[in-house]
Structure formats: structure tokens, C-alpha cells
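Reader: I'm new to this and I'd like to learn how to read a protein model. Could you walk me through one?

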Amino acid sequence: MSSGARALPAFSGRAGGGHLAPGSCGPWVDRDGRPPQLRQRDAGQVEGGAAGAHPPAMKPPAACAGDALDTAAPCSVVNYLRWDLSAQQIGELTVELIEQTKRVYDQVGSQKFEDVSYESTLKALADVEVAYTVQRNILDFPQHVSPSKDIRTASTEADKRLSEFDVEMSMRQDVYQRVVWLQEKVQKDSLRPEAMRYLERLIKLGRRNGLHLPEDTQQKIKSIKKQLSLLCIDFNKNLNEDTTFLPLTREELGGLPDDFLNSLEKAGDDKLKVTLKYPHYFPLLKKCHVPETRRKVEEAFNCRCKQENCAILRELVTLRAQKSSLLGFSTHADYVLEMNMAKSSQVVATFLDELAQKLKPLGEQERAVILELKKAECEKRGLDFDGRINAWDMRYYMNQVEETRYSVDQNLLKEFFPMHVVTQGLLSIYQELLGLTFDLEEDAPVWHEDVKLYSVRDSASGRVIGKFYLDLYPREGKYGHAACFGLQPGCLRHDGSRQIAIAAMVANFTKPTPDTPSLLQHDEVETYFHEFGHVMHQLCSQAEFAMFSGTHVERDFVEAPSQMLENWVWEKEPLLRMSQHYKTGSAIPQELLEKLIKSRQANTGARWEPPSCLGRGGQVPALMGFSAACVGYRASLPVSFCPSGLFNLRQIVLAKVDQALHTQTAADPAEEYARLCQEILGVPATPGTNMPATFGHLAGGYDAQYYGYLWSEVYSMDMFHTRFKQEGVLNGKVGMDYRSCILRPGGSQDASVMLKLFLGRDPKQDAFLLSKGLQVDSSDPPAC
Ligand SMILES: [Zn+2]
């Protein structure tokens, strides 16, 4: 998932996500908008002098694609974030932040119309957004990562209050009217393109909040939005705080390796404690040869928070539909999709249906192979063969395919992926590819001892462009998936200086044990690459406005940059650079390496469950990735068996559940999921479970947009094969083009424009379809 693009500005705020955050800080922020410590650190850290106002609005475009860096603005290298607040301080600062920010909105909204100007309106709103965003993240990010339950609770409370405040600010008709006035008054070509885009976006978002509608309708919308944002926070909080575990004996855990068993806590007597967190759940579903254990665990996993989240989900879906209807849209999906590349639910339905149709024969073939394997296994172990594939069989047999057909022994393989080697290799590849230099900041203030902070410089100019935190291991109460949270947007500050971007990658990789270091499964390495791709998107963007910083792109494009970077973990040279046996220091044997690369065809089941979800509430947190198959190898191997068919069909099921809930309000989530599993995947959902109640995306800013994972693969595949695969996966020139054309603009340009620049033509679906094991039909329409 992609990063926490939290705080949207003024009238933004999609319901459900609650994200609108007004901005913060105009001139007042320096006086009293930040805690004293931050003010001190601020002093004297603006590089390059020249602290004036924003660049004048009338300036020509600062830089065009081709340059990776905005060198026009002086750079401020301050890290405004702090992690030492007590629960009480979080509460107090929340109140303060609300008051300060409201003051700016009041100021803007009470101006006489004849006084409305770029400076007094647009710039004031943009400035307040920057400081508000940073301060808000200081207050509400700890809910995901703080080791203290009190602080997590205070932070969740802060998020709720701020989300409500966001809704209030997003519904300020007085402010909206002044922005509209400005648009009418201003000469079209007198604003810089990004300032014009900002103006148009504010008006668009205002209309999407109904600010052009009668007062009583606005009141209804406001009340719905507030309810939605609170419900979303609770939905994901319930999942994160879930502490369900199953006590199981060693016999019941048959098939799991000793290091896994030894890492489990005791649960009294001779039982071991298996939680439902990823590092327990996935290995168990893949390796445990006792079907009854897999059944119990899969059932518990898909029953998490069943009661409470089921109720929340029903309410969410109903309220979203009501709001969209008030705004004149026939469905919530159409309301959401208006802002995406896809534009309408009909386009999404066609995309998913056509893909499902094309993948159907592959799915049938794969199910037949899996049934054969199951039959043989039942005979071997003396078990009854029930003649069908159950939900808890899928990952187990897909793993067998990988091990038997491709002979990749994942337990052996992971010995070559100790965390420190992977981290070092990954960081060096990213640095080389994107022309960056990373430096570990020793003794930086962080929220937990596991966390590391790095600063990032542009290698060519030596200029600091940002910082990132790595928080890689699970702990109780921590955000349960992998995600990238944007914490400090890279954009211009009120004084015209460029604020560095800061992001955090939060993940839950296998922890070290007393005997062994943290050894990563290959799919964890892939997740690492994926999430780090979002971090780079945050850091490399050089937008002027926080609203367009980092991953604030169309939601159905936001995964593309990260998905593209996953390709590196399937290429020989990068793989060798990020691996080394944890005991002997030797490289991955050639034969194993080749088998691994070939296994990509089978490997797409690695992340069978919906890739992590984003943070909750207001952000567009980091999206997690999917594996994407590689055309190069796919094309050179017989496509006789390719379990990616089932993997992709499952993604279609999830995307269609999401679309169904947001186009047909009456649909029952669990029933809809069960129906689509049967129809599209051919594998029934486990009776009694309610997977949608555990589907964090539905309340994490991906409502009606889960399809975006598949959709953006069209672009990630096209970018990889058209440029990197042709010109070299470690080719620095292509890497810099990628940084300039795709990462640098953030959301300040439409994705279709960026893609065209990087590709040198309009995007095509060919590489995507080939990667799915499908034929390319010359009649397939262009991709956007
Ligand atoms: Zn992602």
C-alpha cells in the first residue's frame, strides 16, 4: 500500500477516509503552532537563504520533466516530527492544533470578496495544510506504532477528533465561496500550472462535498461524513488490536519447520501459541500438513472481529450510498471513481469481467492440478479425500507446486536472506538506480528501539531531499500489515522554502530469535521492495503543494511505481546483491537462483490474503503489493501450469466484492463474497466466516478502489518491460528518467501524462496480459 497521504486540504476529504485535513500554519505556525523543541531545531536550518514568500504565483513552471530536483526553492532540512509526547500531551496538542487551524479558515472565510487574492486565499490554505499535516501525523501516527497502549489509545482519540474537525473544515462554504470567487476573478494563464491545478482541485473537492447544494443537504452530508470517518477508524482499530490466538500442539503443527515452532510462545501444558498475525498465519497455511489445523486457523483468521466489523461495514456501505445520492451520483463507486483513471464503475466492471473471462481457463487448469496433488497427499498420509479444494487448501498446495515443480525450498532459500543483508542490498540498489545516497542517523529519536532513521540526499547535488524511518518487526498493538506512511509532505512551506519529505515504512517481518537472525522469506523480500518503492515515491516527489506531494496520485495508479519495483526481486543481479548465507556468507547457489526465478510463474500465491491495508482513517496509507509475474520468463516457459491464474482470480473476487458493496447497497458482504468465490475462483468460502469484516481496505481509503491493484499493474508492467527490461534493470539513466517522469511530479500531473513521458507513447496492456499468462489480442484497446 502506499503511503499515508494523509491530510488532504480544504474541501477534500473523501468520506470514509475522513481524510480531509485542512492544512495548518500560516504565519502563526511559527509563533505557536509547534512545540518549543521543534521551534529551536528549526532555527538556522534553512539552506540556501532566501526565505521569502511562496514563489510568486505568476512564475513560469519551476521545472519540467527531465529534472529530478526542484532547485528553484531553498531547502529546509528540518525534521518537524517528534515521538516523545505523553498521552496527555497528545490530547492537549490536538485541541491546540484544531484551534490554530480553525483560525486560518475563519480568516479566509470572513474576507470581503473584494479582498480575495491568491495570497490571502489559496496560499493561506496551502500553508495551513502543510503545518497541519505534519502536526496531525505527530498526533495520530502513534496509534499504529507506539509500544504504549495508553499512547495508542490517546492517538486514536486524537485521530477521531481531528477527523471530525477535518469534516468541519471540508464543509466550510464560506471558504469555498471565496475560492470560487478567486477562480472567476483570476486570469486563467496568470497562475503557475500547479497553482491552477490546486485551485481547480479545491473547487472540484468543494463540489464533491456538496458545497454548492442547499444548506440542509450540506448538513446531512456533513453528519454522514463524520460518522463515516469514526466508523473507519474503529473498523481497523478492531483488526489491529485483535489478540486472538490458538493453542496448538506440536503434532497439530506438523510440517512446520523447527525454527518456526521454536519461535512460538508457550500456551501452557504442551501447547504453543499461534496468533493470527501474518508471520504466523501465512507460514502455517503454507506448510502445516494437518488439514484440520489449517481449517481451524483459516476459519479463525476470517472470523476476526466478525461481530463488530460486520455491523460497522453495513453501516459504512449504507452511509456511503446515502451521501453519494445526495451529491447526485447513482452509486458510491461512481462518486469515488470520478477522481480515478477509470472514471466510472462501468469501466471497472468491464476491466474485471474481461480479465476474469480470460483467466478462467487457467483457473480451471490450476484447480485440476491442485486436486491431483491433494489426492496424492491424502493417500500418502492416510486421510480421507473429499474431492474438493477448500479455502484452507489453497496456499498449502500452491506452495507444493512451487516446491515440487520448481523445487524451490523456501526454508533453504530464506537462509540467504538475513535482514541486514537484504536491507543493505535493497538500499544500495535503490540508491544506485535513483541517484540517491542514504545515511543512517545514529541515535535519532524514534518511537521504538527497533526503528531506524535514514537521511536521503540527491547524489548529484548533495542536497538532502528527505528522511525515512524503517520499523520492520511485529509487536503487540502495532499496525498489522506492511505500509508506508507519509509523515511530513515534501512541498513548499509558507516562506517559500522546500520542506523535506519524511515517510515511515512499517512492516511485520519475521523477527530474530536467540539462535538465528531475522531470515526473510522471498515474498517478504518482495514486500520490502514494494513498500520501499512507496517510500521513494514520497521522498522523490517535488510538488509545490502538499495536496500533490508524494503518493497523492490517482488511487488506481498509486500502486504502479511500487509494483514495478517488485520486479527487481525476480532478477539475477539484484537478487545476488541482496542475499548471502547467514552462516557461511556464501551466495545463493546458481541452481537455486534459477529455480527461484523460474518459480515466479507459480509464486503469485505468496500473498494470498489481501495485501496489507493502508493505515486507517484519513490516510492513504501505504498500499501493499502483489506479486506480478514477469513477461520475460513467462514468455520463454511453457504456460502449462501457472497458479497465478487462481491468484489473480482471487484478486478479482476481492475487487468485485468491493465494487458490489459500493454499487448495490443491499448486498450482504459475506454472502456476496461467498457467491463470488464460488463463481469466479471455484473455491468456496469457509462457512461461518466473514472475510469482508477483516478486509481493512474497505475502511482504509480503498472503498470502491481495490481494483486499483490490478489496474495499476497494467502500467507497472508496461513501464518495466518497455524501459528497464530493454535498457537494463540497474541502468541509472532509466532510473533517473523514472525518478523525473514518474516520481518527481507526485500528483501535480495526471498519471496518463507522466506515463506517456516515460514510455514515449501511450500505455498498452500487452505486458500486463502476458504477465498473467495470457495471449495478447491485437484488438485490446489502449490502456488509458
Ligand atoms: Zn503498495
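Author: Let's go from the whole chain down to single residues. First, this is a predicted model, where local features need pLDDT of at least 70, side-chain atom pairs count only at pLDDT 80 or more, and totals for chains, interfaces and linings use all residues. Residues are numbered from 1 along each chain as its sequence is written.

Reader: How many helices and strands are there in the chain?

Author: Helices (H or I, at least four residues) and strands (E, at least two) are DSSP runs, numbered from the N terminus. Here the chain has 30 helices and 10 strands.

Reader: What percentage of the residues is buried?

Author: Count the other C-beta atoms, placed from the backbone, within 10 Å of a residue's own: 20 or more is buried, 12 or fewer is exposed, and in between is partly exposed. In this chain of 784 residues, 58% are buried.

Reader: And which residues touch the most other members of the largest nonpolar core?

Author: A nonpolar core is a set of buried Ala, Val, Leu, Ile, Met, Phe, Trp, Tyr and Cys residues joined through C-beta atoms within 7 Å. The largest one here has 216 residues, and Val422, Phe468, Ala503, Met505, Leu539 and Val653 touch the most other members. Helix α4 (residues 118-140) gives this core its largest share, 12 residues.

Reader: What does Val653 touch, leaving out residues up to four places away in sequence?

Author: Two residues are in contact if their C-beta atoms, placed from the backbone, lie within 7 Å. By that rule, Val653 touches Leu676, Cys677, Ile680 and Leu681.

Reader: How do I read two helices that meet, like α3 and α7?

Author: The axes of α3 (residues 87-109) and α7 (residues 173-185) come within 8 Å and cross at roughly 50 degrees. That makes α3 oblique to α7; under 35 degrees is roughly parallel, over 145 roughly antiparallel, 65 to 115 roughly perpendicular, and the rest oblique. Tyr105, Val108 and Gly109 of α3 make the contact with Asp174, Val175 and Arg178 of α7.

Reader: Is Asp443 buried or exposed?

Author: Asp443 is exposed, with 6 other C-beta atoms within 10 Å. Asp443 is in the loop between β4 (436-440) and β5 (452-458).

Terms used: Axes fitted to C-alpha atoms, helices over the stretch in contact; angles between N-to-C directions.
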